[in-house]
Amino acid sequence: MAPRAGTDDVSDKERLKSALWYAIGKMVDHEALISGHNATPQFIGALTEMVWTHIENTSLDLENFAKHAGRSMVNTDDVLLLARRNEGLDALLRSFVDHIRAEHGSGGGSKRKS
Amino acid sequence: MSSAKNTTRKGPAPFKPPSRVSDASRSARTSTKAPGQGQGRQSRDSNGLPGFSSARSSLAPMARNTSLLDLDIELDDDDDENEETNTPQQNTAETTARETPTGPVHLEGGPPPIPLKLLARLIYEGFEDKNMKIGKEALTTTSKYIETFVREAMARAAQERKDSAEDGFGGDGFLQVEDLEKLAPQLLLDF
């Protein structure tokens, strides 16, 4: 499918979705190997749609969180706020952030401490 | 969840439940595991969130693939290729590791992540304010968030499949769209 200059908006979206589909497919294959299940292509497609929509929502959330804080830059605190309603997820993301900060040394500073 | 505010959402994007795929067309991917394998480590929760706690316990000790963390955003797209490093040997080890979530189990290489560049692009597409930016650490964390979302969906779908198989509907071990449909509402509430 040759991308044409005229139909940029649609074809860009389609190509982004294809890229996401591919990435999700790899993740699904990996998980499937571990768990002993397989997934139908339709499953992967439906999951891709779900993730796509979820990323759109996430993106808007992050933007609004940052704006609410008077910033024009989304930072890690905003992302952690995404998980505010799910304790387990919150703990997971926080430990992940701690982990990457430990690895990067002084990396992000200590703005998250609360 | 700000779906009410989401003006960029395209029209209805419903799941289109397809008919079941026949085994013959999928034989290439069945080869690795027999269907129904892995049912031994069933740890069914009765708290109404089947699969969630078990999936989380498997996520927790999963150390992030460190190669991802060293990536700069402008790094090339080739980082999808590190999934080749999974040998079947490791996978059985991981399977057993999921049975005993006690203690940090270091797994070599998590799932192949969504390329950061792709995720950044998708997020920037979603911003309404074109001046909005996202920090690198925030992006990495978002990647983890989405990865968790996908893995959670998989774990719950596997649970749904197991339940359906026990009820006598299709035991071929293939995750179906119907499984995803059943878990989607709760999953989206949880994330």
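Residues are numbered from 1 along each chain as its sequence is written, and chains are lettered from A in the order in which they are written. Local features need pLDDT of at least 70, side-chain atom pairs count only at pLDDT 80 or more, and totals for chains, interfaces and linings use all residues, while side-chain values use heavy atoms, with hydrogens and water left out.

Biologist: Where in chain B is confidence highest?
Modeller: We go by pLDDT, the predictor's confidence in each residue, from 0 to 100. Chain B averages 62, and 41% of its residues score at least 70. Helices here are DSSP runs (H or I, at least four residues), numbered from the N terminus. Helix α3 (residues 66–69) of chain B sits lowest at a mean of 37, and the top mean, 93, belongs to helix α5 (residues 116–126) of chain B.

Biologist: How many contacts does the model have for residues 1–12 of chain B beyond four places in sequence?
Modeller: Contact means heavy atoms within 4.5 Å. Take these ones with care, though: where pLDDT is low, the predicted coordinates should not be read in detail. Over residues 1–12 of chain B pLDDT stays under 50, and the number of such contacts is 27.

Biologist: In what order do the elements of chain A run?
Modeller: Chain A has 4 helices and 2 strands, a strand being a DSSP run of E, at least two residues. Read from the N terminus on, the order is α-β-α-β-α-α.

Biologist: Is V51(A) buried or exposed?
Modeller: V51(A) lies in helix α2 (residues 41–68) of chain A. Buried means under 20% relative accessible area and exposed over 50%, with partly exposed in between (1.4 Å probe, protein chains only). V51(A) has 0% relative accessibility, so it counts as buried.
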